[in-house]
Amino acid sequence: MPAVLDIRLFGSIQLSWDGRPHRFSAPPRTLPLLAYLLLHRSAPVRRDTLAYVLWPDDDEGEARTNLRRHIYAVARTLPPAADEPWLLVDAKTVRWNPAAAWQLDVAAFEQLSGSGARAAAAELYTGELLAAVEDEWLLGERERLGNMQGANLAALVEHHRARRELDEALRCAQRLIAHDPWREDVLRTLIRLRHEAGD
C-alpha cells in the first residue's frame, strides 16, 4: 500500500504520513494557504486570487512575492511526495493535486453527510474548521460546515428518538446543544427526551 497523507482541518490542523504524525512547521501564513487550496481542491486557483485573499492589505507585487514564498514553504513542510507532487503550480494557477495520495477529513465529512451516513459524518467533526485561524475568507466555510454538522446531529436525534433509543438520542441532543447553544428547539427536545427517559 502506498503511503497516504492524512489531513485533518476540523479543530486544529493534524497531519499524519503513512500512519505516523507529521509536524506542520512553517511560517504562519502557510497554513491558510494550504487550507484554501484544500477547500478549493476541485479546480485550479488563480495566483492573483490567492494573493489577494491571503494578503488583502499588501500591494499586488508584495502579495505575489509572499505567495511565491509560501507556496515553496507548503511544499517544504509536507512530507516528500512518493509519485505525485502535492501541488500543481504553473505561471497563473495553483492547485492541490487530486492524483496524489491523500485524504481530508473535510472531504470525507461532506461526502458522508451528503450520502446520509450522518453518524459517521458527525464523528469526523471534532471542532470548528481551523478554529485558531482568523482569516475572513474562512468564516463562510466554517458556517457552511457547522450548519451541515447541526443538520447531521438534528437528524440523528430524530432517528434515535423514533426508534426509542433514548440514551443515544440524548447524547446527540447534548452534542447539538454544545455545537449550537442558541437552539431553543433543541433545548426543548432535550427536556422532552429526559422526560421520556424517566428523568
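In which sense do strand S2 (residues 14–17) and S3 pair, and over how many bridges? The pairing of S2 with S3 is antiparallel and runs over three bridges. A word before the views: this is a predicted model, where local features need pLDDT of at least 70, side-chain atom pairs count only at pLDDT 80 or more, and totals for chains, interfaces and linings use all residues. Residues are numbered from 1 along each chain as its sequence is written, and side-chain values use heavy atoms, leaving out hydrogens and water.

**View 1. An open sheet of four strands, in the order S3-S2-S1-S7.** Strands are DSSP runs (E, at least two residues), and helices are too (H or I, at least four), numbered from the N terminus. Two strands pair if DSSP finds at least two bridges between them. The pairing in this sheet is mixed. S3 (20–22) and S7 (102–104) stand at the edges with a single partner strand each, so one side of each has no neighbour in the sheet. Look for Ser 16, whose bridge partner in S3 is Pro 21.

**View 2. Helix H1 (residues 30–39) packs with helix H3 (residues 60–77).** Their angle is about 80° and their axes are 9 Å apart, which makes H1 roughly perpendicular to H3 (65 to 115 degrees). Axes are lines fitted to C-alpha atoms over the stretch in contact, with angles from 0 to 180 degrees between N-to-C directions.

**View 3. Gly 114 in helix H4 (residues 105–115).** Gly 114 is exposed, with a relative accessible area of 68% (exposed means over 50%, with a 1.4 Å probe and protein chains only).

Technical notes:
Angles under 35 degrees count as roughly parallel, over 145 as roughly antiparallel, 65 to 115 as roughly perpendicular and the rest as oblique. Buried means under 20% relative accessible area, exposed over 50%, partly exposed in between (1.4 Å probe, protein chains only).
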